[in-house]
Amino acid sequence: ISEMVDLVIDLGKNHWHGFISVPLKFIPSFMGSGFSQSLTARDELLGIIHERIQAGKLSVAGHTDLSGFESVDEAARHILVFITALIPKAFASLLTSFCLETAARRDVLEKCLADDSFFENTLLEVARMWPPFLGSRRIAKVDHTLQGCGIVEDTPVIYMTHAANHDGTVFASPDEFIPERWTSENKADRARVFTLGSGGRECIGKVLVQMLFKECAHSLMTNWTWQVPEGQYLAYKWLPVSRPSDDVTVVFNKKQ
């Protein structure tokens with residue numbers, strides 16, 4: 001089992017780090033591109049997932065119709081996305097930011113437990129303040145002019161999620177954690193939080209991440225209290241996902 005775990009971890013790392021490298025599938029005679037290695041790792045991971053589904057060692061085995069998947073291959077690709085790609089990384093980043101942001105705000109946590117709408121607004125504010133992904137890129141499909149800047153077809157365009165979420169023309173005091181903003185001046189701006197995308201190109205796992213985020217945060221609040229000891233370096237780094245630069249110690253105490 002340990003050998004299989006180590007293999008999946010190594011393949012997952014190759015798949016992730018290669019996927020965010022230069023997206024060209026070529027293998028020079030003296031080296032392999034990171035992206036090419038990523039595709040090889042992906043195929044090996046899919047092979048492992050297929051084998052375990054067919055061996056009945058994954059819960060979707062024999063139940064792909066009940067799980068909403070049309071085939072074992074479709075189920076395998078969804079499992080691949082969840083275990084190695086962006087969804088679990090985004091979820092872990094959001095939950096970490098939630099714990100750090102609310103550790104000294106017992107009033108906020110108590111109100112979250114008493115008021116579900118306020119709880120959802122608090123999670124939205126965490127997602128606005130600390131988006132897991134600094135930004136991303138798109139390729140222009142047609143010539144376009146954006147705020148006076150000409151963008152030629154096939155030009156890569158970078159957008160910055162964190163900057164958009166902290167736009168002072170949209171959010172007053174953008175660097176302050178204010179869950180109440182979502183029932184006052186920003187109540188019509190929920191779609192302007194681009195943490196997991198928006199519109200037709202939003203993250204396919206957006207609903208799943210939000211559901212897991214809410215369930216886990218609620219379980220934490222219900223069963224535990226937590227504190228972040230002073231004297232720690234809590235500045236964030238942004239790649240591959242946002243999280244504190246250094247390991248952080250959080251002390252959890254079981255509620256009586």
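**Entry 1: helix 5 and helix 6**

I began with handedness and noted that helix 5 crosses helix 6 in a left-handed sense (left-handed if the near helix is turned anticlockwise from the far one by less than a right angle, right-handed if clockwise). I keep in mind that this is a predicted model, in which local features need pLDDT of at least 70 and side-chain atom pairs count only at pLDDT 80 or more, while totals for chains, interfaces and linings use all residues. Residues are numbered from 1 along each chain as its sequence is written, and side-chain values use heavy atoms, with hydrogens and water left out.

I took helices as DSSP runs of H or I with at least four residues, numbered from the N terminus. The axes of helix 5 and helix 6 come within 5 Å and cross at roughly 130 degrees, where axes are lines fitted to C-alpha atoms over the stretch in contact and angles run from 0 to 180 degrees between N-to-C directions. That angle makes helix 5 oblique to helix 6 (under 35 degrees is roughly parallel, over 145 roughly antiparallel, 65 to 115 roughly perpendicular, and the rest oblique).

I then listed the contact, meaning heavy atoms within 4.5 Å: Val108, Lys111, Cys112 and Ala114 in helix 5 meet Asp116, Phe118, Phe119 and Thr122 in helix 6. By class I find 5 nonpolar, 1 polar and 2 charged residues there (Ala, Val, Leu, Ile, Met, Phe, Trp, Tyr, Cys and Pro count as nonpolar, Asp, Glu, Lys and Arg as charged, and the others, Gly among them, as polar).

**Entry 2: helix 5 and helix 8**

I looked next at helix 5 (residues 106-114) against helix 8 (residues 206-223), whose axes come within 10 Å and cross at roughly 110 degrees. That makes helix 5 roughly perpendicular to helix 8, and I recorded the crossing as left-handed. Leu109, Cys112 and Leu113 in helix 5 meet His218, Met221 and Thr222 in helix 8, a set that divides into 4 nonpolar, 2 polar and no charged residues.

**Entry 3: helix 6 and helix 8**

I found helix 6 and helix 8 packed at an angle of about 115 degrees, with their axes 11 Å apart. That makes helix 6 roughly perpendicular to helix 8, and here I noted a right-handed crossing. Asp116, Phe119, Glu120, Leu123 and Val126 of helix 6 make the contact with Phe213, Lys214, Ala217, His218 and Met221 of helix 8, and by class I have 6 nonpolar, 1 polar and 3 charged residues.

Notes. Helix = DSSP H or I, 4+ residues; strand = E, 2+ residues; numbered from the N terminus.
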